[in-house]
Amino acid sequence: MAASASSASLQLSSPSTTATWLRHRPLGLSSLSLRHHQPRRLVVLSMDAKPTILVSEKLGEAGLNLLKEFANVDCSYNLSPEELCTKISLCDALIVRSGTKVNRDVFEASAGRLKVVGRAGVGIDNVDLAAATEHGCLVVNAPTANTVAAAEHGIALLTAMARNIAQADASVKAGKWERNKYVGVSLVGKTLAVMGFGKVGSEVARRAKGLGMHVIAHDPYAPADRAHAIGVELVSFDVAISISDFISLHMPLTAATSKILNDENFAKMKKGVRIINVARGGVIDEEALVKAIDAGIVAQAALDVFTVEPPPKDSKLVQHENVIATPHLGASTMEAQEGVAIEIAEAVVGALKGELAATAVNAPMVPAQVLTELKPYVTLGEKLGRLAVQLVAGGDGVKSVKVTYASARAPDDLDTRLLRAMITKGLIEPISSVFVNLVNADFTAKQRGLRITEERIILDGSPENPLESVQVQIANVESKFASAISDSGEVTVEGRVKDGIPHLTKVGSFEVDVSLEGSLILCRQVDQPGMIGKVGSILGEENVNVSFMSVGRIAPRKQAVMAIGVDEEPSKQSLKRIGEISAVEEFVYLKL
């Protein structure tokens, strides 16, 4: 059945520290976190205690109402950095806008409790993503709700600047009537360069096309087909700034884009160019812009964002007669404010519930439809990792793990990062105090010297399901259940999803079939009549419910492995009685 196989080694690289799970229940990314880890890790919160969410900047009522249905909500605005660090150790989630700096000090002060930071908006330059990842904290944003509002504000600034609306309004209110002074320029036929062709940039382009403008764009990551569909030509940075009549900025603030419009690049522009910025103030060197305006290179600028907000009252840029300034109003429509509040509230609550976040910015980006499809396989991966590590007897510890995915899908059509992260979670959490999630899985594995390799077996047939099976093998270890050692010498467990439920289908070289729910007892015994009844009777006497039972054997009347799924944990006495059955050669109890 197997047509070919390919192998890839997981390259792990992350910063140098990680968070230890200290006080409270893990509100993690696996939907199984609460049920499986709560007995060991719960110290302060009770099972029904609500998490605490700190909202440090104003959020729409609709979003706050969603949060309050699930959590205790602390709305504390205008906190100083010191006050934020003091509060954060009592919070499971933090929601900010652009005004709160969530730096390394905040994550360290949280002492491992902070699980989610929600940015109510698109940009996340005010959140230290490296520190968040080190501390296992998910960062989510609200990338869609304010897209149209920001684009509309960009167009508003574009048209207001072209027709001198702000200056003419101020003149009339000052009692003047200066029609000749405020002659504007037409937009029809002019070239607009959209710098950053993401959600907002592409919406600005659509609207500018409707105004009769010729639109070009620069974005090293934008797909050409999306630009062509809108009727926009993608060009290089230098071409964009050198031929345009208007330049509209829509890129994020990064090390690469910081002060990207500087003296050198202003000198490359067409004389009389006009600039709009509704992105981030830091992408423009503001002193250089003032010089460019005074030199006549830039005719006008319309700015909604500034390097320092609010800007100084004596700012030469703000006070310049050829500059229109607004106080960061890009997302400030009633509809956008409510939409952002709802979007970020849903993302934060979902993450705290253990749901997989499609808007995560420091975790593998997986589309929502793929998350839905992979959900049962994510559960399978974590449980297989949890089973495999509990089968290890000790020694030098787990250092080398191979994960094999069998699938009829092409390698490019199966992103295994999410699966790998949750297998890592299953491998590490049962033997450590570290809480592992999608964010910090690779970093935590590297820190603990765990090398994970991935192999894909490509199967013939229809790729209706993403995976046929997942196998986890741990090399160079002894096992507390000798039958878990496969013929090749590794602790081996394998499973698949049946009707949406994860099943264990192989232990060592023995085929079994048991649902991975509750916990599991593995017995190796002589294959003889009455074994299932004897074990079932012992468990029944203690009112332990058996959910599944499966027997895999070498041949009739030879050795067999019995896998028994149980809903409750048997007492030590009952486990001892199972071990004393004469035909039982070895057994192990495993918590899922």
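Reply: Start with contact: two residues are in contact when heavy atoms lie within 4.5 Å. The model is predicted. In the protein chain, residues 24 or more positions apart account for 67% of the contacts with a separation of 6 or more.

Me: What makes Gly 552 count as buried?

Reply: Buried means under 20% relative accessible area. Gly 552 has 5% relative accessibility, so Gly 552 counts as buried. Of the chain's 592 residues, 53% carry that label.

Me: Which residues does Gly 552 touch, leaving out those up to four places away in sequence?

Reply: Phe 510, Glu 511, Val 512, Ala 560 and Val 561. Gly 552 itself sits in strand β21, residues 546-553. Glu 511 is 41 residues away along the chain, yet its C-alpha atom is 5.0 Å from that of Gly 552.

Me: Why are helices α2 and α14 called roughly parallel?

Reply: Angles under 35 degrees count as roughly parallel. Helix α2 (residues 61-70) and helix α14 (residues 334-353) pack at about 20 degrees. Therefore α2 and α14 are roughly parallel to each other. Their axes are 7 Å apart, and α2 passes α14 in a right-handed crossing.

Me: Which residues make that contact?

Reply: From α2, they include Leu 66, Leu 67 and Phe 70. From α14, Ala 341, Ile 342 and Val 349 are among them.

Me: How do the residues of the contact of α2 with α14 divide?

Reply: Nine are nonpolar, one is polar and four are charged. Gly counts as polar, and Gly 63 of α2 is part of the contact. Glu and Lys count as charged; the contact includes Glu 61 of α2 and Lys 353 of α14.

How values were computed
Residues numbered from 1 in each chain as written. Predicted model: local features only at pLDDT ≥ 70, side-chain atom pairs only at ≥ 80, totals over all residues. Heavy atoms only, no water. Buried < 20%, exposed > 50% of the residue type's maximum accessible area, 1.4 Å probe, protein only. Axes fitted to C-alpha atoms, helices over the stretch in contact; angles between N-to-C directions. Helix = DSSP H or I, 4+ residues; strand = E, 2+ residues; numbered from the N terminus. Parallel < 35°, antiparallel > 145°, perpendicular 65-115°, else oblique. Left-handed = near helix turned anticlockwise from the far one by under 90°.
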